[in-house]
Amino acid sequence: MFKRVALVVGGLLALLIAAVAINTLRQGSRQLDVPPAPPLAVDEKAVADTLAQAVRFRTVSSASDPMQNSDEFRKLHAHLERSFPLVHQKLKREVVDGLNLLYTWQGSDPAAKPFALMAHQDVVPIEPGTEPKWESAPFDGAIRDGYIWGRGSWDDKGNLVAELQAVEMLLAAGFQPRQTIYIISGSNEETTSNGARAIAQLLASRNVKLDFVLDEGLFIGEGFVPGLAKPVATIGIAEKGYISLTLSATGTPGHSSAPPAPGNTSIAILSAALTRLDQQQMPPHLDGAARELFETIAPEMQGMQRVALSNLWLFGPLVQSQMGRGGALNSMVRTTTALTIVQGGMKDNVIPERATAVANFRILPGESRETVMAHVRSVVGERVQVKPLLEGKDPTPVSPTTAVPYQVLNRTLRSLYPDVIVAPALFTAGSDSAAFVGLTENIYRFSPIRVKAEDLPRIHGTNERIATANLAGLVRFYSLLIRNASLERPTP
């Protein structure tokens with residue numbers, strides 16, 4: 001009997017191993033094989049100079065005052081007008097709701113759906129006290145060592161200058177797009193995105209439906225994926241939502257010399273609730289954009305990593321568990337919980353009646369602000385009051401990778417960067433493009449900037465910079481994308 005069971009188990013195990021091996025081997029590369037793009041000469045120094053000057057305008061946005069630093073924004077607008085004369089002669093420029101720019105490049109085919117390229121003008125402020133740590137002053141726009149240094153050079157004036165430079169060069173060459181193209185530049189992406197929403201509402205009032213939208217987002221990562229030697233260009237096909245919740249607890253106040261029973265002060269109640277909230281995270285989900293990413297890169301990998309990612313039907317729980325341990329990969333598979341503010345007490349010998357905290361959640365597609373609220377209330381218990389700090393927003397829909405615009409984007413990248421693996425992914429931060437969900441199903445978040453892990457802290461941090469070669473590459477990318485999008489559409 002035992003021998004018979006062992007034979008059956010062994011046979012099933014052999015079948016399982018064979019199935020895994022066959023499934024791994026049959027997963028061929030999903031990378032498009034396209035001819036290399038024709039060379040395009042870009043005056044790297046000139047475009048770097050244009051960006052450097054743009055960085056010098058202190059276009060820091062404010063959530064409370066949308067017209068704060070308006071003079072700096074207008075100086076930037078004047079600089080763009082001087083730098084891109086053909087753009088401002090041949091495209092229609094509108095200033096929407098204060099400081100937001102909408103350029104319209106009329107296409108030759110009125111029946112063709114228009115598309116939009118986006119890049120915001122505003123920047124985040126410099127953290128007080130960090131100024132001495134900058135290798136070049138944050139608003140000097142210095143060019144040295146092959147980089148443009150300063151706040152906004154990467155996020156996001158580099159994209160704005162590159163988009164306009166690409167259009168300027170195409171106009172100089174006599175090119176006209178088949179479909180109308182919008183260049184959209186909001187003035188408050190870093191705070192409210194109200195500018196992008198105003199432009200989206202304006203286009204909707206004109207009955208505009210967009211073929212696709214391309215905004216800032218992910219990048220070409222070098223060395224980010226263990227086991228994959230080639231760089232990976234991850235295109236954001238969805239954007240997480242977010243909500244910040246205020247948690248408050250009321251306890252027995254009084255003099256510190258006579259505290260109440262343990263666990264009954266406001267700080268004790270709140271601390272216990274925050275510990276539970278931190279430890280009882282929302283569950284991970286290996287689906288949607290994360291699953292598409294792994295299925296796309298699996299054939300490019302080696303060894304057990306290729307086996308595991310090619311057989312998520314079997315190894316999915318293991319992969320999900322490994323990713324859910326924290327860090328950037330964790331943020332791709334779950335709604336994350338971040339405790340960001342704690343306040344309670346005003347004097348060392350007084351037990352406060354009330355203590356408060358703020359927790360920020362970045363919401364995975366498939367979940368919502370309502371499911372987050374329900375989770376938090378179930379974890380913190382009845383002694384802690386929960387309410388939204390801000391309205392927040394739900395995750396965006398997932399844009400299809402089978403759509404023609406995604407394939408045009410994919411082909412453009414592969415023709416410019418044949419060494420790069422192109423794959424869809426989840427954008428875990430936020431962008432202005434979320435305002436355009438009602439105008440198109442195809443919203444992608446990507447800039448072809450080559451990035452290493454050590455570069456990431458520079459975004460919103462100290463010593464922000466962009467390589468002049470990266471900036472020239474952005475110009476080539478936008479130029480080719482516009483040309484490719486204007487071709488008669490291939491079947492995806």
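Arg144 is partly exposed, because its relative accessible area is 28%; buried means under 20%, exposed over 50%, and partly exposed in between (1.4 Å probe, protein chains only). The structure is a predicted model, in which local features need pLDDT of at least 70 and side-chain atom pairs count only at pLDDT 80 or more, while totals for chains, interfaces and linings use all residues. Residues are numbered from 1 along each chain as its sequence is written, and side-chain values use heavy atoms, with hydrogens and water left out.

**Salt bridges**

The whole structure holds 13 salt bridges, each a side-chain nitrogen of Lys or Arg within 4 Å of a carboxyl oxygen of Asp or Glu. Asp145, a partner of Arg144, has a relative accessible area of 59% and is therefore exposed.

Arg445 and Glu239 link distant parts of the chain, 206 residues apart: Arg445 belongs to strand β16 and Glu239 to strand β8 (residues 232-239). Helices (H or I, at least four residues) and strands (E, at least two) are DSSP runs, numbered from the N terminus. Arg445 has 1% relative accessibility and so counts as buried; Glu239, with a relative accessible area of 0%, is buried too. Elsewhere, salt bridges with shared partners join Lys92, Glu94 and Arg206 into one network.

Beyond four places in sequence, Leu214 touches residues including Leu409, Tyr444, Arg445 and Tyr478, where contact means heavy atoms within 4.5 Å.

**A buried asparagine**

Is Asn159 buried or exposed? Asn159, in helix α5 (residues 157-172), counts as buried because its relative accessibility is 3%. Its side chain makes a polar contact of 2.7 Å with that of Asp156; such a contact is a pair of N or O atoms within 3.5 Å, where within protein one must be able to donate a hydrogen and the other to accept it, and residues adjacent in sequence count only if both atoms are side-chain atoms. Leaving aside neighbours within four places in sequence, Asn159 is in contact with Ala119, Glu216, Ser447, Leu474 and Tyr478.
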